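Reader: I'd like to learn how to read the features of this model with you. Could you take me through them one at a time?

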Amino acid sequence: MASTANLTDLGYGFIDAAYNAFHPDQEDAMSASIQKFIKIIKNSEGMMDLVREKAQTKNISVDSMIVLDATYLARKEFEKAADTISRSQD
């Protein structure tokens, strides 16, 4: 079922799967970026404290929260890069 809570799953994952099928290099780059941010988070005691706090608030495991935060950071990094490229072409 689609609702505003899971709007990011629009198309039940089809849209992302189709995009990744045509742009596999993007998927590899995103995966590498997520892994980079996971390492950064795990190596920073301050960030780990924040992650533990957020995990407890959301009632999920710390590892799940690390992945969620790393994914968020990787997406923001890609959006920023895309905006930079877009502005340079204007």
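**Confidence first**

Author: The protein chain has an average pLDDT of 81, and 69% of the residues score at least 70; pLDDT is the predictor's confidence in each residue, from 0 to 100. This is a predicted model, so local features need pLDDT of at least 70 and side-chain atom pairs count only at pLDDT 80 or more, while totals for chains, interfaces and linings use all residues. Residues are numbered from 1 along each chain as its sequence is written, and side-chain values use heavy atoms, with hydrogens and water left out.

Reader: On to salt bridges. How many does the structure hold?

Author: The idea is a side-chain nitrogen of Lys or Arg within 4 Å of a carboxyl oxygen of Asp or Glu. The structure holds five of them. One pairs Glu77 with Lys36, with the closest N and O atoms 2.8 Å apart. Glu77 lies in helix α4 (residues 62-89) and Lys36 in helix α2, so this pair ties together parts that are 41 residues apart in sequence.

Reader: What else does Lys36 do with its charged end?

Author: A charge sits over a ring if NZ of Lys or CZ of Arg is within 6 Å of the ring centre and within 35 degrees of the ring normal. The charged end of Lys36 sits over the ring of Phe37, 4.6 Å from the ring's centre.

Reader: Which salt bridges lie within a helix?

Author: Among them is Asp49 with Arg52, at 3.0 Å from N to O. These two are three residues apart in helix α3, so about one helical turn separates them. Asp49 is partly exposed at 40%, and Arg52 is partly exposed at 36%. Glu45 joins in as well: Glu45, Asp49 and Arg52 are linked in a network of salt bridges. In helix α4, Lys76 and Glu79 are also three residues apart, about one helical turn, and their salt bridge has its closest N and O atoms 3.5 Å apart.

Reader: Now for contacts. Which residues does Ser33 touch?

Author: Contact means heavy atoms within 4.5 Å. Leaving out residues up to four places away in sequence, Ser33 touches Ala74, Glu77 and Phe78. Ser33 belongs to helix α2 (residues 24-43) and counts as buried because its relative accessibility is 5%.

Reader: And what does the side chain of Asp69 make a polar contact with?

Author: A polar contact is a pair of N or O atoms within 3.5 Å; within protein, one must be able to donate a hydrogen and the other to accept it, and residues adjacent in sequence count only if both atoms are side-chain atoms. The side chain of Asp69 makes one with the side chain of Lys54, at 2.8 Å. Asp69 is in helix α4 and is buried, with a relative accessible area of 14%. Not counting residues up to four places away in sequence, Asp69 touches Ile41, Val51 and Lys54.

Notes:
Helices (H or I, at least four residues) and strands (E, at least two) are DSSP runs, numbered from the N terminus. Buried means under 20% relative accessible area, exposed over 50%, partly exposed in between (1.4 Å probe, protein chains only).
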